[in-house]
Amino acid sequence: MLGAVAVSVLAFTFWVWTWGKGIPYIDQQPGQKWREKARVAARNRSKMLDQASVAWKAGQKSTAKTLSERGKHFGAQVERYNERASKEIFLSLNATYYSGTKEALEKIDLHGLFVNEALVYAQNHLDMCRDAGVTQTSIITGRGNNSKDGIAKIKPAVEGLLVREGLGDRFHWENEGCVAVNVPRGRSRQTFTSNSDSGGCVVM
């Protein structure tokens, strides 16, 4: 009994300590811890590169080089943290996606991803559908309701990808945020790599 009370007191104390400090504690959304780390790293990268520029103009080339290298280090952190965030977000919405079944490829949800990340997943999804012989699939892009200015970013990007993949006459929008695609067999022509940054657009 006393042990349970002690645990409750400690939990409440920690909640009071974190409240108002911007420290996520309860109901943290998937991937947001890594997104925040990426934003911090991006700010540090900008700071280092700005200082490097000032040092270079002042003739302090050795210092400028050191600061520039630090900036690159933080830049690598940005990509690494955003990659972890995108994986965590994707798996939270597509829990059985990598189960190896055809049913798992009948739908893919791209909510919460940056545009470039979503395109990588969409491209890989089309490739996996072709390889597995899945001819009907749905790609959920979101309507863009929570995007900046309420303008969808992923929807037109995915539509452009489908056109480049030669699927321009093989898809239709089931609703404002979901496109149904008829996928023929065969390999794709496009190759995408994610180069995430903290300023990317998010699918909503």
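This briefing covers the nonpolar cores, salt bridges and surface features of the structure above. The model is predicted, and the values below are computed from it. Its largest nonpolar core has 26 residues, a second, separate core has 7 residues, and the salt bridges come to a count of 7.

**Nonpolar cores**

- Within the largest nonpolar core, which holds 26 residues, the members that touch the most other members are Leu110, Leu162 and Val181.
- Two or more residues of this core come from each of helix 3, helix 4 (115–132), helix 5 (154–164) and strand 4 (178–182), and helix 4 gives the most, with 7 residues.
- The second core is separate and has 7 residues, among them Ala38, Ala42, Val78 and Tyr81.
- As general background, nonpolar side chains in soluble globular proteins tend to be buried together.

**Salt bridges**

- Glu117 and Arg35 form a salt bridge in which the closest N and O atoms are 2.7 Å apart; this pair links distant parts of the chain, with Glu117 in helix 4 and Arg35 in helix 2, 82 residues apart.
- Both Glu117 and Arg35 are buried.
- Arg130 is joined to Asp127 by a salt bridge whose closest N and O atoms lie 3.4 Å apart, and both residues belong to helix 4, where they are 3 residues apart, or about one turn of the helix.
- Arg130 and Asp127 are also both buried.
- A network of salt bridges links Glu36, Arg39 and Arg43, and within it the closest N and O atoms of Arg43 and Glu36 are 3.8 Å apart.
- Glu36 counts as partly exposed because its relative accessibility is 36%, which falls between the cut-offs of 20% for buried and 50% for exposed.

- Arg84 is located in helix 3 and, at 47% relative accessibility, counts as partly exposed.

**Trp56**

- Trp56 is a residue of helix 2, and it counts as exposed because its relative accessible area is 51%, the cut-off for that class being over 50%.
- Along the chain Trp56 and Ser68 are 12 residues apart, and their C-alpha atoms are separated by 10.0 Å.

Key: Residues are numbered from 1 along each chain as its sequence is written. This is a predicted model: local features need pLDDT of at least 70, side-chain atom pairs count only at pLDDT 80 or more; totals for chains, interfaces and linings use all residues. Side-chain values use heavy atoms; hydrogens and water are left out. Helices (H or I, at least four residues) and strands (E, at least two) are DSSP runs, numbered from the N terminus. Buried means under 20% relative accessible area, exposed over 50%, partly exposed in between (1.4 Å probe, protein chains only). A nonpolar core is a set of buried Ala, Val, Leu, Ile, Met, Phe, Trp, Tyr and Cys residues joined through side-chain atoms within 4.5 Å. A salt bridge is a side-chain nitrogen of Lys or Arg within 4 Å of a carboxyl oxygen of Asp or Glu.
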